[in-house]
Amino acid sequence: MEDNPENVSSAADNATEQTTGPDDLTEPPCTPNDVTDPLDIRDEEALIRTKPQLGLSNLHSGLANREGEMAAWAQDEQSNTKQVSNLAAQLEKMRLDMELAMTRYRYEDKEKQRQHEEKMEEMRLQAPSGQVSGGGHHFLLPHDPLTLFLYCFIFIHLIYIAKELIFFFFKKHGMFAIGAVLIFAIKIFWN
């Protein structure tokens with residue numbers, strides 16, 4: 001076991017070959033060697049290694065923010081579509097309620113008209129054949145004997161009062177009354 005420089009270099013090569021070989025997956029091939037690399041190279045390599053990771057982490061956070069925005073937007077759209085569908089359903093319900101109310105009013109109006117026609121037909125059938133149908137009784141015609149007696153009494157009383165007023169007028173204003181009656185009679189006979 002001699003210290004042959006070729007053997008030493010081959011052992012070092014073997015050591016580096018094992019760490020940098022593609023078969024060994026425990027250590028990445030571009031990791032800096034703290035012992036052999038100068039400080040500047042180690043800093044640059046660390047910067048190069050961490051820079052993409054920072055970019056990826058920023059990208060991941062940006063994607064997470066975008067995913068959150070997309071989820072929020074999707075929820076807003078979903079709630080908007082729910083509100084629109086709710087409003088459309090309420091509007092349709094109001095329209096149907098209005099149509100139902102109008103149909104109910106038309107039905108009630110037709111029912112009242114039908115009842116009125118039935119009542120008029122019933123009155124026409126009950127009216128005696130001598131009277132005009134639909135006219136019923138005149139409001140001045142008496143319906144019972146007592147009312148007829150009252151009408152006759154009032155009529156006779158009015159005639160009596162008129163006769164008394166005329167006689168009173170002739171007594172007080174005799175000549176004037178005779179002249180007025182003669183003028184009135186001449187006018188009637190002249191025509």
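**A predicted helical chain**

Student: How many helices and strands does the secondary structure of the protein chain come to?
Tutor: This is a predicted model, in which local features need pLDDT of at least 70, side-chain atom pairs count only at pLDDT 80 or more, and totals for chains, interfaces and linings use all residues. Residues are numbered from 1 along each chain as its sequence is written, and side-chain values use heavy atoms, with hydrogens and water left out. With helices taken as DSSP runs of H or I of at least four residues and strands as runs of E of at least two, numbered from the N terminus, the pattern along the sequence reads α-α-α-α. The count for the protein chain is therefore 4 helices and 0 strands.

Student: What percentage of the 191 residues count as buried?
Tutor: Buried means under 20% relative accessible area, exposed over 50%, and partly exposed in between, with a 1.4 Å probe and protein chains only. By that definition, the buried share of the 191 residues is 2%.

Student: Which residues does UniProt list for "transmembrane region"?
Tutor: The record is an unreviewed entry, and such annotations may be inferred rather than shown by experiment. In the model, residues 146-162 are 100% helix with end C-alpha atoms 25 Å apart, while residues 174-190 are 100% helix with end C-alpha atoms 24 Å apart.

Student: Why is the pair of F169 and F176 classed as it is?
Tutor: Rings of Phe, Tyr and Trp (its six-membered ring) pair if their centres lie within 6.5 Å, and planes under 30 degrees apart count as stacked, over 60 as edge-to-face and the rest as tilted. The whole structure holds 1 aromatic pair. The ring centres of F169 and F176 are 6.4 Å apart and their planes lie at 70°, so the pair is edge-to-face.
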